[in-house]
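I opened this model to look up its strands, its helices and its cores. My entries are below, in the order in which I made them.

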Amino acid sequence: MYAIVEIAGQQFKVAKDQKVFVHRLAGEEGDSITFDNVLLTANGEDVTVGAPAIEGAQVGAKISRHLKGDKVIVFKKKRRKGYRVKNGHRQYLTEIVIESITSSGAKPAKKAAAKKEVAAPKPESKKTTSKKGDDLKKIEGIGPKAAEALTNAGIDTFAKLAKAEPANIKEILVAASSRLAHLEPGTWPQQSQLAADGNWDELKVLQDKLDGGK
């Protein structure tokens with residue numbers, strides 16, 4: 001029986017009692033470890049292929065030793081530039097011995113728990129469907145900064161702005177920024193009422209007569 005398993009980002013074909021050199025693993029010499037990402041198992045003519053991994057399959061192994069691989073020379077050269085750099089590299093490795101290959105029954109409970117965790121956040125989707133505030137910038141005289149100041153003050157819809165007093169609107173603008181002090185919100189409630197009622201044609205006629213909301 002053999003299996004194809006992913007260990008430390010690499011795929012290996014392994015069988016019982018086989019020694020395998022892999023990238024350095026956490027753990028001490030003599031520790032037993034298991035690998036769950038089994039891509040294929042074969043026992044004679046009985047072959048099981050995962051999609052991508054086989055549910056419940058595991059490969060058990062034991063750490064024999066930690067070591068360094070053979071030195072690899074890395075040489076860089078740039079022609080006619082006088083640039084030459086030579087470096088050596090030795091990869092940190094771990095030698096493991098395959099002790100067992102389990103084709104099924106290892107961890108179905110964890111898989112089911114993961115599915116439940118994915119299904120749990122469904123109530124949060126209701127928040128995304130909640131009604132957003134109106135685009136106050138459709139009111140003549142209201143720019144992005146003024147709209148932000150009104151929204152922060154709780155006036156985020158045409159209906160709320162229509163009920164607000166111009167004097168109170170002015171106080172909100174001045175408190176938000178001195179750069180908004182020049183704005184005149186006298187017609188904003190009237191415009192907002194038309195927008196809230198859906199009378200966009202009347203609003204356009206009114207706005208054509210205005211100059212910056214005045």
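The entries go from the sheets to the cores and then to one helix pair.

**Entry 1: ground rules.** I am working with a predicted model, in which local features need pLDDT of at least 70 and side-chain atom pairs count only at pLDDT 80 or more, while totals for chains, interfaces and linings use all residues. Residues are numbered from 1 along each chain as its sequence is written, and side-chain values use heavy atoms, with hydrogens and water left out.

**Entry 2: first sheet.** I looked up an open sheet of four strands and noted the order β3-β10-β7-β4, with antiparallel pairing. Strands are DSSP runs of E with at least two residues, helices are runs of H or I with at least four, and both are numbered from the N terminus. Two strands pair if DSSP finds at least two bridges between them. β3 (19-23) and β4 (32-35) stand at the edges with a single partner strand each, so one side of each has no neighbour in the sheet. I then followed β4 to β7 (residues 58-68) and found four bridges in the antiparallel sense. Ser-32 has Lys-62 in β7 as its bridge partner.

Entry 3: Another open sheet of four strands has the order β2-β1-β5-β6, and its pairing is antiparallel. Its edge strands, β2 (10-15) and β6 (46-49), each pair on one side only. Here neighbouring strands are turned by 15° against each other on average, direction ignored. β5 (residues 38-43) and β6 run antiparallel and are joined by four bridges. For Leu-40, the bridge partner in β6 is Val-49.

**Entry 4: a hairpin.** β8 (residues 72-78) and β9 (residues 83-89) run antiparallel, with seven bridges between them. Phe-75 has Lys-86 of β9 as its bridge partner. Four residues lie between the strands of this hairpin, and Arg-80 takes a positive phi near 60°.

**Entry 5: cores.** Which residues touch the most other members of the largest nonpolar core? I found Ile-142, Leu-150, Leu-161 and Trp-188, out of 21 residues. A nonpolar core is a set of buried Ala, Val, Leu, Ile, Met, Phe, Trp, Tyr and Cys residues joined through side-chain atoms within 4.5 Å. Buried means under 20% relative accessible area (1.4 Å probe, protein chains only). The elements giving two or more residues to this core are α3, α4, α5, α6 and α7, and the largest share, four residues, comes from α3. A second, separate core has 19 residues, including Val-5, Phe-12, Ala-61 and Ile-96.

**Entry 6: helix α6.** In α6 (residues 188-197), the buried residues are Trp-188, Pro-189, Gln-191, Ser-192, Leu-194 and Ala-195. Among the elements that cover them are α3 (144-152), α4 (158-163), α5 (166-176) and α7 (200-209). Gly-198 follows α6 and has a positive phi, near 80°.

**Entry 7: α6 against α7.** The axes of α6 and α7 come within 8 Å and cross at roughly 155°. That makes α6 roughly antiparallel to α7 (the term covers angles over 145 degrees). Gln-190, Gln-191, Leu-194 and Ala-195 of α6 meet Trp-200, Glu-202, Leu-203, Leu-206 and Gln-207 of α7, where contact means heavy atoms within 4.5 Å.

Conventions
Buried < 20%, exposed > 50% of the residue type's maximum accessible area, 1.4 Å probe, protein only. Axes fitted to C-alpha atoms, helices over the stretch in contact; angles between N-to-C directions. Parallel < 35°, antiparallel > 145°, perpendicular 65-115°, else oblique.
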